[in-house]
Amino acid sequence: MSGGAPIDGESRDDAVDVLKDLIEWELAPQRWEQVDSIVDSLADAVARGDGDALREATAELELTGPVRITRIGAKSVIPVPEETRDRANHLVHALGRQQERQQQERADASSDGPGGDGDGTSAG
């Protein structure tokens with residue numbers, strides 16, 4: 001863990017959404033380099049469980065996405081490079097596994113109940 005806030009469900013969902021969108025993007029090669037750098041930051045935030053860093057990287061990734069207007073003389077756009085697509089898919093799955101773990105932990109904690117010893121009766 002890091003000093004940042006833990007990753008919450010909303011942050012995780014936002015990251016998954018933009019990572020799934022990324023697979024459909026078409027950008028100039030230089031923009032894909034920016035995307036790769038941001039995906040590195042996202043992966044690092046996930047590995048550290050840093051929700052603040054995850055939200056920041058997600059917002060940056062959203063802003064790096066395609067724009068509707070193409071400038072005159074702009075370089076051609078290309079679809080997502082295979083390596084970037086694979087890394088995005090890996091992160092989507094990692095975030096999904098993290099969510100499943102947190103849901104299981106909450107279910108386990110609620111089955112013990114407050115002050116109980118796990119058998120449904122109160123200690124004492």
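User: Are H2 and H3 roughly parallel or roughly antiparallel to each other, and why?

Analyst: Two packed helices are described by the angle between their axes and the distance between the axes. Axes are lines fitted to C-alpha atoms, for helices over the stretch in contact, and angles run from 0 to 180 degrees between N-to-C directions. Angles under 35 degrees count as roughly parallel, over 145 as roughly antiparallel, 65 to 115 as roughly perpendicular and the rest as oblique. In this predicted model, helix H2 (residues 29–48) packs against H3 at about 160°, with the axes 9 Å apart. H2 and H3 are therefore roughly antiparallel. Local features here need pLDDT of at least 70, side-chain atom pairs count only at pLDDT 80 or more, and totals for chains, interfaces and linings use all residues. Residues are numbered from 1 along each chain as its sequence is written, and side-chain values use heavy atoms, leaving out hydrogens and water.

User: Which residues in H2 and H3 meet?

Analyst: Contact means heavy atoms within 4.5 Å. On the H2 side, the residues include Val-35, Ile-38, Leu-42 and Val-46, and on the H3 side they include Leu-54, Ala-57, Leu-61 and Thr-64. By class, this contact has 10 nonpolar, 4 polar and 3 charged residues. Here Ala, Val, Leu, Ile, Met, Phe, Trp, Tyr, Cys and Pro count as nonpolar, Asp, Glu, Lys and Arg as charged, and the others, Gly among them, as polar.

User: At what angle do the axes of H1 and H3 cross?

Analyst: The axes of helix H1 (residues 9–22) and helix H3 (residues 51–64) cross at roughly 30° and come within 10 Å. That makes H1 roughly parallel to H3. The contact involves, among others, Ser-11, Ala-15 and Leu-22 of H1, together with Leu-54, Arg-55 and Glu-62 of H3. Its residues divide into 6 nonpolar, 2 polar and 4 charged.

User: Is Ser-11 buried or exposed?

Analyst: Buried means under 20% relative accessible area, exposed over 50%, and partly exposed in between (1.4 Å probe, protein chains only). Ser-11 lies in helix H1 and is buried, with a relative accessible area of 3%. Not counting residues up to four places away in sequence, Ser-11 touches Leu-54 and Arg-55.

User: Is Glu-10 buried or exposed?

Analyst: Glu-10 also lies in helix H1, but Glu-10 is exposed, with a relative accessible area of 59%. Glu-10 and Arg-55 are 45 residues apart in sequence and 9.4 Å apart in space, C-alpha to C-alpha.

How values were computed. Helix = DSSP H or I, 4+ residues; strand = E, 2+ residues; numbered from the N terminus.
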